[in-house]
Amino acid sequence: MSAATGGSDAADVVVIGSGIVGLGAAYAAIRRGLSVIVVDRTDAPVGATIRNFGHLCIGAQEGDARRYADASRELWLRLSRDARFWLRESGTLVAARRADELAVLEQAAAGGGIRMLETDELLRLAPLRSDGLVGGAHIETDLQTDPRTAAAAIVRHLARSGVEFRFRTAVTAVGTGRVDTTRGPLTAGSIVVAVNHDLDQLLPEIAERTGVVRCTLDMLRAAVTFRHPLSAPLLTGWSLVRYGRFADTSSAVALRERLHAERPDLAALDLNQMYTQLPDGTLIIGDSHATGVSPAPFQPEAAFAAFLSEADALFDMPTPRVLERWQGVYAKGPQEFLVEQVDEGVLALAATTGIGMTTGLGLAEENLTAAFGWTPAMEGTA
């Protein structure tokens, strides 16, 4: 691999973007003893990396996504210890309220790593209403973190480990060995473009050719009163028609048809009805999805009303008190991932199905190693 020289405006690796994929790229490089500069137009990670559930949904993936997720799991565990942020090996709960949901879970569980739950056990793990509940499952390998605190902690840890962050600096062009920025050029042995949905701002021809656009989603955080805490992220039938390991089963066809026929209003929102409870006891609730090159920034109240109505039907609790609402944005494309050799020594990476937190660290680790001919990381560093 080539090493850049020339002082503070040069590095072995320049990473564009401080989201989870960019942080994963910096982490992969610094563990190999390379010098790293991360450039971002904002003053901290503020995009998809902090606007999500903090749900690392490893066991619900298949194919490349599962491989990246498995690699990410080990990296998340190590980072949480070294950077000292909250992360728990919680697994994920799935609540089934109809026989067709249970059938999807049973079919997926045959592959291992998913344990079926009787209703009584599920009620001990999640403060749900018993009415209509027919059982559930526990996805064993999944993790949970608080994305707002995790991202900031990773930045601090990487900075202590020698990564230089150039925040409030926009990148205007990239090419072999060179990154042009609003604060002057940088030279690099290798360059990683990890700008998520802003790919079309920096590399519009690649975004257009690969069909990468934006997906916006509505979410909220609420104060809740549960009889006992939610022990893990919680998925529902709507989640089962979204995540690959469940959605690709033959049983999911009938489930999708039934959900869309019974609740076309929720189908129109492209609902993923799921929940995570943060260490402070508040509950993240969501989410809806809308896709376009420039999706409208206006958030329909119908989505938030549906979130609260569905939560009320599922949980045994008083009415939640909404604390925050927000719009998330992530890159979406026809494939699960974007891996593009832009130029010699220039690699563009993105998770393009909304599973960046689950797969981003492994996506960076594996593809940088392959593209730049890196040797295995020195695990005693960073």
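**View 1. Strand 3 and strand 8 of a predicted model.** Strand 8 (residues 143-145) and strand 3 run antiparallel, joined by two bridges. Strands are DSSP runs of E, at least two residues, and helices are runs of H or I, at least four; both are numbered from the N terminus. His55 has Gln144 of strand 8 as its bridge partner. The open, antiparallel sheet has three strands, in the order 3-8-4. Strand 3 (55-56) and strand 4 (87-88) are its edges, each pairing on one side only. Pairing requires at least two DSSP bridges between two strands. This is a predicted model: local features need pLDDT of at least 70 and side-chain atom pairs 80 or more, while totals for chains, interfaces and linings use all residues. Residues are numbered from 1 along each chain as its sequence is written, and side-chain values use heavy atoms, without hydrogens or water.

**View 2. Helix 2.** Helix 2 covers residues 63-83. Arg84 follows helix 2, with a positive phi near 60°.

**View 3. The largest nonpolar core.** This core has 108 residues. Such a core is a set of buried Ala, Val, Leu, Ile, Met, Phe, Trp, Tyr and Cys residues joined through side-chain atoms within 4.5 Å. Trp76, Leu128, Phe246 and Phe315 have the most contacts inside it. Helix 1 (residues 20-30) gives the most to this core, nine residues.

Notes: Expected span 1.5 Å × (residues − 1). Buried < 20%, exposed > 50% of the residue type's maximum accessible area, 1.4 Å probe, protein only.
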